[in-house]
Amino acid sequence: MSVITSRLDTSAAEYEARRAAMLAKLAELTAEQEKAVGGGGEKYVDRHRARGKLLARERIELLIDQDSPFLELSPLAAWGSDFPVGASVVTGIGVIEGVECVIVANDPTVRGGASNPWTLRKTLRAADIALRNRLPLINLVESGGADLPTQKEIFIPGGQIFRDLTRLSAAGIPTIALVFGNSTAGGAYVPGMSDHVVMVKERAKVFLGGPPLVKMATGEEADDESLGGAEMHARDSGLADHLAADEHDALRIGRRIVRRLDWHKLGRRPGSAEDPRYDEDELLGVVPEDLRVPFDPREVIARIVDASDFDEFKPLYGASLVTGWAKLHGYPIGVLANAQGVLFGAESQKAAQFIQLANQSRTPLLFLQNTTGYMVGKDYERAGIIKHGSMMINAVANSTVPHITIVLGASYGAGNYGMCGRAFDPRFLFAWPSAKAAVMGPVQLAGVLSIVGRAAAESRGQVYDEEGDAAMRAMVEAQIEAESLAFFLSGRLYDDGVIDPRDTRTVVGLCLSAINNAAEPEPAGFGVFRM
Ligand code: COA
């Protein structure tokens, strides 16, 4: 075994300062997550309960196996937008009758559960996770359909929700709709496109057009129940396969449907697992508040992998990228982690070779990001930093083993791409509260704008406005800093959630387990490597 020897001094003032800063960020994270849990607020929650209905999270809790974990995805969706945090839908992976399923539950306490642009992104991401990892998808439906004031953002792309449902079914991945309430217009296609449909008696309302629209269109008088009630759909239209007596009954029927799927995972089974040798609580004191200060990612690896056992690959070469083999909850993984932040030519070549090796042995990869990007400057350009970086990006883009990315700290420039950022389709991507991502740092970005502005003024023969420049810099720096923070990025669905560093091992373990529902992916064919 090659157990990592930790050099983290937990009695140092520096450790305490880092820990205090991380705990402060976690307190903010909890406050934001509570907003999502609070849904539409007391008034709408009380009204919902007074109608004898369960909240979205209560429905999920009753649907999944007792005391089993629910890996909630993107609870901060819509953060920093005009819409409530959480985006009026709860999504995640839960275990039902021993089967890992993707669950999508509308939150009807938030604007009637209507879908805004962030709801749409979150819902589509959930379907993508179901498809790529071969997880049955369960919709807990109660929604006012499209958020009408923002229909221009969602109507046309929103069709993908229905396309995805039938593509899942065609791929042999079951889709189930439990309809608790309103599911009108486009929303009616959620049960319409699902393999199994359960409707709650006297509660489900599924019609293409509600009574007012029917009256306008044809003059016909109709009430909700005769137009789209659960009884009608169970007895007459045949859209409902099961008529549930109440919400609890619908959830019971949903569990029974999953049990009958006789679902088997097609991927690897984990081997035996051993806890890390170091306390995961210490992860709170690893990342410095100032991300310009480097930290050793081995301190993170030591606290997340089995027995802290890590076989490092090429430790003496390209030392600012740590690569090596480990197991996590009994699953073999390859780890790529930035050490000093900057990626040079050697690091890029080492990464490309390591990714090829992982593909040869079909080993999933875990990317731990803390990078300021690829090195710039005359010497580096001459030595071919572009082609070396391209080689690494080629390897990441074409690698077919599952990737999981955790943004620990900085994620700037093309380092975000080479280390498997969102655009490179990792199966899952989570961020620590310390994460920051942007095209470059705020000071550098404002500085670039200032240099460009100054040169433009000089070429026009004008005197450069120094005061205006200082104000512009301050404004741009503040804007870029705000836009690079973890909550903001999570709000835009650039990750699957911001997690407590102490949960990293658990979250990655749940992801690896979910990933193995799908069969092993086909081996990779890489693009032409520019050597
Ligand atoms: N777009 C935007 N806002 C919506 C909405 C939608 N599709 N549906 C509901 N809301 C808003 C309501 O205006 C209301 O806002 P307010 O409390 O600030 O006044 C809030 O969400 C709650 O709606 P309310 O009607 O009080 O809730 P309810 O639980 O009694 O009824 C619905 C929920 C969904 C049945 C009802 O709101 C409805 O019929 N909405 C329109 C459905 C529709 O035709 N959608 C078009 C689909 S393409």
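What follows is the helix packing, then residues one by one, then the domains.

Author: This is a predicted model, in which local features need pLDDT of at least 70, side-chain atom pairs count only at pLDDT 80 or more, and totals for chains, interfaces and linings use all residues. Residues are numbered from 1 along each chain as its sequence is written, and side-chain values use heavy atoms, without hydrogens and water.

Start with α12 and α14. Helix α12 covers residues 345–360, and helix α14 covers residues 385–398. Helices here are DSSP runs of H or I with at least four residues, strands are E runs of at least two, and both are numbered from the N terminus. The axes of α12 and α14 come within 8 Å and cross at roughly 25 degrees. Therefore α12 is roughly parallel to α14. The classes run like this: under 35 degrees is roughly parallel, over 145 roughly antiparallel, 65 to 115 roughly perpendicular, and the rest oblique. Each axis is a line fitted to C-alpha atoms, for helices over the stretch in contact, and angles run from 0 to 180 degrees between N-to-C directions. The crossing of α12 and α14 is left-handed. That term applies if the near helix is turned anticlockwise from the far one by less than a right angle; clockwise gives right-handed.

Now the residues. On the α12 side, G345, S348, Q349, A351, A352 and I355 make the contact. On the α14 side, I385, H388, G389, M391, M392, A395 and V396 take part. Contact means heavy atoms within 4.5 Å. By class, this set holds eight nonpolar, five polar and no charged residues. Nonpolar covers Ala, Val, Leu, Ile, Met, Phe, Trp, Tyr, Cys and Pro; charged covers Asp, Glu, Lys and Arg; the others, Gly among them, are polar.

Next, α3 and α10. Helix α3 spans residues 56–63, and helix α10 spans residues 247–260. Their axes come within 9 Å and cross at roughly 45 degrees. So α3 and α10 are oblique to each other. The crossing is right-handed. R59, L62 and L63 of α3 meet E247, H248, L251 and R255 of α10. Here the tally is three nonpolar, one polar and three charged residues.

H48 sits in helix α2, residues 42–50. H48 is buried, at 5% relative accessibility. Buried means under 20% relative accessible area, exposed over 50%, and partly exposed in between, with a 1.4 Å probe and protein chains only.

A126 is buried too, at 1%. A126 belongs to helix α4, residues 117–133. Neighbours within four places aside, A126 contacts T91, V102 and V104.

Two residues other than glycine have positive phi. E202 has a phi of about 60 degrees. E202 lies in the loop between β6 (196–200) and α7 (211–218), and is exposed at 59%. D425 has a phi near 55 degrees. D425 lies in the loop between α15 (415–418) and β15 (428–431), and is partly exposed at 47%.

Last, the domains. The assignment gives domain 1 (24–259), domain 2 (280–440 + 485–515) and domain 3 (442–483). Such bounds come from an automatic or database domain assignment. The centres of domain 1 and domain 3, taken over C-alpha atoms, are 47 Å apart.
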